[in-house]
Amino acid sequence: TRQLEEHTLDLVLSHIPVRSDKRTHVFNHPLGEVPVYLVGSVPKPKPQAKFPHYLRGQPLFLPSHRSPVRGDFDALLAAARIEPVVRAEVDDMALMRLLALSGKGLALVSKIVVERELQSRQIKFMARVPGLAEKYFALTVRKRFENAWTGEIVDAFRARLKELAAN
């Protein structure tokens with residue numbers, strides 16, 4: 001937020017909204033949301049097991065507790081009395097993608113993170129997590145997008161999120 005307030009950056013695309021307070025002048029512009037999946041190159045769990053029961057004993061790569069999706073996912077597992085086997089907590093989505101491809105567990109990610117791997121069939125397991133979606137925001141220090149290119153970026157990102165949410 002400091003770089004936005006100092007005008008070093010005009011725009012930040014994020015899945016974590018900035019908390020508003022009197023010291024911060026950063027605005028969260030909602031862009032859309034994308035379903036959240038468990039993905040990996042591990043063999044698919046037994047077909048008779050349903051979500052979330054097939055996660056019992058399954059190694060997981062999860063976003064850190066800073067992510068809103070993590071709290072929702074933890075609540076789903078707690079309601080099913082499943083203690084997750086967390087191999088790593090990750091904030092970097094590029095690293096999360098590599099962990100998903102490692103064959104060492106399932107990663108909790110939005111579809112946008114592993115889109116290429118899904119298309120190339122490098123991801124061998126994919127299951128949508130019911131009721132979970134990753135929300136995305138454009139962070140700015142202004143209420144409106146003043147630069148034409150900023151508005152174009154935001155419009156393109158919104159359109160892409162709509163496509164991913166529809167598929």
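How exposed is D91: buried, partly exposed or exposed? D91 comes out at 40% relative accessibility, so it counts as partly exposed. The cut-offs are under 20% relative accessible area for buried, over 50% for exposed, and partly exposed in between, with a 1.4 Å probe and protein chains only.

Before I go on, a word on where this comes from. This is a predicted model, where local features need pLDDT of at least 70 and side-chain atom pairs count only at pLDDT 80 or more, while totals for chains, interfaces and linings use all residues. Residues are numbered from 1 along each chain as its sequence is written, and side-chain values use heavy atoms, with hydrogens and water left out.

Okay, the overall picture. The chain has five helices and six strands; those are DSSP runs numbered from the N terminus, H or I of at least four residues for helices and E of at least two for strands. Reading from the N terminus, you go α-β-β-β-α-β-α-β-α-β-α. Of the 167 residues, 42% count as buried.

Now the sheet. It's open, has six strands in the order β1-β6-β2-β5-β3-β4, and the pairing is mixed. By pairing I mean that DSSP finds at least two bridges between two strands. At the edges you'll find β1 (12-14) and β4 (85-90), each of which pairs on one side only. From one strand to the next, the twist averages 25°. For angles, axes are lines fitted to C-alpha atoms, for helices over the stretch in contact, and the values run from 0 to 180 degrees between N-to-C directions.

β1 and β6 (residues 125-140) run antiparallel and are joined by three bridges, and L13 has A138 as its bridge partner in β6. Helix α5 (residues 148-166) packs on the sheet, touching β1, β2 (27-40) and β6, and its direction makes about 35° with that of β2.

L13 turns up again on the surface: together with W149 and I153 it forms a nonpolar patch with about 270 Å² of accessible area. A patch takes residues with over 30% relative accessible area and no salt bridge, joining like charges within 9 Å and nonpolar side chains (Val, Leu, Ile, Met, Phe, Trp, Tyr) within 5 Å. Areas are Shrake-Rupley with a 1.4 Å probe, and for residues only the protein chains shown count as cover. I153 is in helix α5 and is partly exposed at 36% relative accessibility.

Next, β5. What is covered in strand β5 (residues 106-110)? Five of its five residues are buried. L106, L108 and S110 point one way, A107 and V109 the other. β5 runs antiparallel to β2, with four bridges, and Y37 stands opposite V109. With β3 (residues 59-63), β5 pairs in the parallel sense over two bridges, and there L60 stands opposite L106.

V141 is buried at 17%. Leaving aside neighbours within four places in sequence, V141 is in contact with L4, E5, H7, H25, V26 and F27, where contact means heavy atoms within 4.5 Å.

Last topic, salt bridges: a side-chain nitrogen of Lys or Arg within 4 Å of a carboxyl oxygen of Asp or Glu. The whole structure has seven of them. Back to D91, then: D91 pairs with R66, with the closest N and O atoms 3.6 Å apart. R66 sits in the loop between β3 and α2 and D91 in the loop between β4 and α3 (93-101), so the pair ties together parts 25 residues apart in sequence. R66 is exposed, at 58%.

R160 has two partners to show you. One is E115, at 1.6 Å from N to O; that pair links helix α4 to helix α5, 45 residues apart. E115 is buried at 18%, whereas R160 is partly exposed at 26%. The other is E163, at 2.4 Å from N to O. E163 and R160 are three residues apart in helix α5, so about one helical turn separates them. And R70, D74 and E89 are linked in a salt-bridge network.
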